[in-house]
Amino acid sequence: MSMKDKMHTGELYLPNDEEIMDEQLKRLDRLYDFNATRPTQLEKRAALLKEMFAEIGEGCYIEPPFHSNFGGGHVHFGKNIYANFNLTLVDDTHIYVGDYTMFGPNVTVATAGHPILPELRRQGYQYNAPIHIGTNCWIGAGALIMPGITIGDNVVIGAGSVVTKDIPSNVLAVGVPCKVLREINDHDKEYYFKDRKINL
């Protein structure tokens, strides 16, 4: 099995393999083009994202600068996904994000890990585990999502949280490490922020 094949199996592999690096550099050139667009070049940005991503639905918007190890090449976005400044997708293997999910600024979604054993790190070994984020989630500013995590639907991840364990659907989860604070409930149907009532 080639090093490139091992990227998506969870096995240890060497990311500086020539075949991997050739593909990665081509994808990073395209990412550079995306980040160099002007704010008024919305159509160009949308066209570039369709080229860059493994899959991307309609109505997605990513605010540059956007950072990604493979330029979105292993990223699967549904429709109407919004990402604020400095989204970092460490997409050495696959990242799946459902429709209507939002990312605050400075969020990192990292599929890559490195062995704890120092000798293996010295040799440059890495492993990857895919990440799944459900539909209609809000990932707060500065949140970190670690390799292999699954987040359910309708989840709010509080700003600055570090997600090291799976999070079920329909909850608010916060903290370091991130833990479920409570379920989304009837109070949330009446108030959108502290004592601010929903009047729509």
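## Exercises on a predicted model

The place of Asp5 is in helix α1 (residues 3-6). Here helices (H or I, at least four residues) and strands (E, at least two) are DSSP runs, numbered from the N terminus. The structure is a predicted model, in which local features need pLDDT of at least 70, side-chain atom pairs count only at pLDDT 80 or more, and totals for chains, interfaces and linings use all residues. Residues are numbered from 1 along each chain as its sequence is written, and side-chain values use heavy atoms, with hydrogens and water left out.

**Exercise 1.** State which residues gather with Asp5 in a patch of negative charge on the surface.

*Solution.* Step 1: a patch is made of residues with over 30% relative accessible area and no salt bridge, and like charges are joined within 9 Å. A salt bridge is a side-chain nitrogen of Lys or Arg within 4 Å of a carboxyl oxygen of Asp or Glu. Step 2: the patch holds Asp5, Glu18, Glu19 and Asp22. Step 3: helix α2 (residues 18-35) gives the most to this patch, with 3 residues. Step 4: Asp5 has 45% relative accessibility and therefore counts as partly exposed; buried means under 20%, exposed over 50%, and partly exposed in between (1.4 Å probe, protein chains only).

**Exercise 2.** Give the order of the strands in the open sheet of 5 strands, and name those at the edges.

*Solution.* Step 1: two strands pair if DSSP finds at least two bridges between them. Step 2: the order is β1-β4-β7-β12-β15, with parallel pairing. Step 3: β1 (55-56) and β15 (150-151) stand at the edges; each has a single partner strand, so one side of each lacks a neighbour in the sheet. Step 4: β12 (residues 131-133) pairs with β15 over 2 bridges, and His132 stands opposite Thr150 in β15.

**Exercise 3.** Describe how β18 and β19 are joined, and examine the residues between them.

*Solution.* Step 1: strand β18 (residues 171-174) and β19 run antiparallel, joined by 4 bridges. Leu172 has Arg182 in β19 as its bridge partner. Step 2: the two strands form a hairpin with 4 residues between them, and Gly175 in the turn has a positive phi of about 110°. Step 3: Pro177 lies in the loop between β18 and β19, and the peptide bond from Val176 to Pro177 is cis, with omega near -5°. Most peptide bonds are trans. Step 4: β19 (residues 179-183) is hardly covered, since the count of buried residues among its 5 residues is 0.

Technical notes. Patch = residues over 30% accessible without salt bridge, like charges linked within 9 Å, V, L, I, M, F, W, Y side chains within 5 Å. Areas by Shrake-Rupley, 256 points an atom, 1.4 Å probe, with all protein chains shown as cover. Lys, Arg positive; Asp, Glu negative; His and termini not counted. Charge placed at Lys NZ, Arg CZ, Asp CG, Glu CD.
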